[in-house]
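Try each task before you read its solution.

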Amino acid sequence: MTLAQAMLAVLWIGISAYVLFGGADFGGGVWDLLAGGTERGRPDRALVEHSIGPVWETNHVWLIFVLVVTWTGLPSVFAAIASTLYIPLTLVALGIIARGAAFAFRKASTEPWQQRLFGATFAFSSLVTPFFLGTVAGAIASGRVPPGVAEGDLLSSWLNPTSLVSGALAVGTAAYLAAVYLTRDAERGGDTELSERFRRRALAAGGTVGVLSAAGLAVLRADAAGLFDELTSGRALPLLAVSIAAGLASLALLWRRAYVAVRVTAALAVLGLLWGWALAQYPRLLPGVELDDAAATRSVLAASLGSLAAGALLLLPSLWWLYTTFQREHVPPRDSEK
Amino acid sequence: MGGPLATAATEADLGAARTQMALSLGWHIVLACLGVGMPAITLLAEWRGHRTGDRNYRLLARRWGRAMGVLFAVGAVSGTILSFEMGLLWPGLMGTYGQVIGLPFSLEGIAFFIEAIFLGVYLYAWDRLPPVRHMLTGVPIVVAGVASAFFVVTANAWMQQPTGFDTENGRIVSVDPWAAMFNRATPPQTVHMILAAFMVAGFGMASVYAVAMLRGRRDRYHRLGFLLPFTVAAAIAPVQVGVGDWAAHFVADYQPVKLAAMEGVFHTERGAPLHLGGVAVDGDLRYAAEVPNGLSLLAHWDPNAEITGLETVPAADRPPVNAVHLAFQTMVGLGFALLALGLWLGLSWWRRRDLPRTPWFLRASALSGVAAVVALESGWVVTEVGRQPWIVYGHLRTADAVNPAPGLVWGFLLVAAVYAVLTVASVYVLRRLARSRPVPVAPQESDVTDYKVV
């Protein structure tokens, strides 16, 4: 494996982590949006807030990680993507700031009208941000971002069939992952009614994502035939098969209420799709640009990968500790201490 | 490749991109300072509370923790916007030099992860962990906060002193990322910034309690809430004056044109005077009070040293003088004012172990947070506007780095509107946080344990 390949793999690991963790936080916001009126939606919103509160900032750092690794390892690709797709990316940036700030503000506010206002901002931006991120992925996948600075069409690069279907798929995936994770969180919290509600949502979202994925393949066939061929008959086929199998298994596990196991299969279904796309497109990053044309110099790759490896030694145990701390049930302090 | 050639960005688009970057950077830097300084001060209060058993300290720590939760969230997202804008607005910079400054950003990413992870545990597991272990979870937040400030500022220092790379025909052919990171501007600039972060956080937190004390809430809780952060900031102020001098010497030696703009020196001269005030009109600084030989002495420790004037570079390579000169004077003036405020308290404390009797001390202290922020912003104006017209000093012009896509003005207007709403909402929520649940005159244990942190 060359250093450039290693850097690309690290980038894809970052994207995967962002989709699995950060994506689910967006999905939580989507369920917040769909939870219904203030009274009826209260337990759902409380669960969403309780689950993502301690971890969303950490999950969000994966996005920064992805941006930094891209401009370090593939500077010209970063410049081409950011300049051509500056409209959806600006909307993503605004969505991120509205969502993060509103989430924190809602927590800190006490009056119902404020909680509703900030809550609505949080929920709405949770819906639109992954959509625009998805259109960016679609633009890259369908080869609409040419190399160079702002060389692509500023509108049709991300307003096209592949982008729109990947935008919808991104929202659906986020909602699906969130529903799967929240089902187990609700069950652990002892609220059967709530976990049943999220189980139904997970089943519905899972079905929708499945349909959207199939529609996405049909769109790819018409819009990005090369990628479609690689996915359906080339070397990415095994990953696509894994994704489909894991997706079907997830529905079965949800049906049987195996809430822990379904977390694994749901994640696997998403990962299969992500890595399948990567493998199908490799080594072409942009039209006419392959990995070796775009990769940074060896010294940069070596220094960055070395630092990230050293950093991972600090990071992985800390991440593990964070997630396990908040996946354990909290024993409230004894009355005598109050 | 085949597509139409991107036309150069219009003046309006360049102006919009620069203003947008200045707005989002200037906004984020305040949050970043609080993110670096506040955890340390909060931890100090928690530690004092643990050691002395004083409930006031423990309640302060909880209250600050709650504010930190909000500030950190907003800072995390406003920082993300900057990563986006590096590419959205300055693809000419990132496409070529992204790899040269990639290493410090990768390291910053790790530091930021550590910060976010431990902040999550520190804030949300306050009641789950025993006191000492809880305080220990705060230590990585402080270390990682300072480290990320260091890493990010090294990237800016590189833009002032680009080094560690070779180009051929505009393409980077070799890079020494460590040399780029530890360039000559790195030591003075990073230290200056990290100290500034603690001053902004300390004076900023203290001014909240100064206002409360002016309104008559003079109990121990409010006194400690004022004294602890104020002492931290005031102790750093004299060190910062020395570090500022170091940074100025650096600019004098390696960015002489920036120094000329800071001081309004149009013509090279020996024994140059220090200019106080003044306006640049038609290639001359007018109405300035002059300290004879002052600039030569301060910049080079020699009253007859030669100071390079702006005339040594073509007009197109000169930064705007008035903005840089005014910003520099503002920063230095406010820095010394904050130092004097700290000395005032020090003198009064030494004499009679109390705050100065006059309400003017608290009135001045109530403004110290704003003053520290204005000084911080002014300092960044000096650094960034003083580097113009270059984005990478001597290598790449800002006008050549900007995204040539049309319509940046509209993006800027949208971002500005969002930031206006964000500012209003942040101030509103923080004011509510400061006021809600009025603090009891003598906090009881239940006040401390029942105070919800996040």
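The radius of gyration is taken over C-alpha atoms, and the globule rule is 2.2 Å times the number of residues to the power 0.38. This is a predicted model, in which local features need pLDDT of at least 70, side-chain atom pairs count only at pLDDT 80 or more, and totals for chains, interfaces and linings use all residues. Residues are numbered from 1 along each chain as its sequence is written, and chains are lettered from A in the order in which they are written.

**Exercise 1.** Compare chain A with the globule rule.

*Solution.* Start from the 338 residues, for which a compact globule would have a radius of gyration near 20 Å. Chain A has 20 Å, which agrees. Next, take the box along the principal axes: the C-alpha atoms of chain A fill roughly 65 × 40 × 35 Å.

**Exercise 2.** Describe the side of chain A that touches chain B.

*Solution.* First, count contacts (C-beta atoms, placed from the backbone, within 7 Å): 64 residues of chain A meet 66 residues of chain B. Then locate them: helices H3 (56–73), H4 (75–84), H5 (86–108) and H13 (298–327) of chain A each supply at least two residues. Helices here are DSSP runs of H or I with at least four residues, strands are runs of E with at least two, and both are numbered from the N terminus.

**Exercise 3.** Examine residues 300–323 of chain A.

*Solution.* UniProt, in an unreviewed entry, lists this span among the transmembrane regions; such annotations may be inferred rather than shown by experiment. In the model the span is 100% helix, and its end C-alpha atoms lie 32 Å apart.

Technical notes: Two residues are in contact if their C-beta atoms, placed from the backbone, lie within 7 Å.
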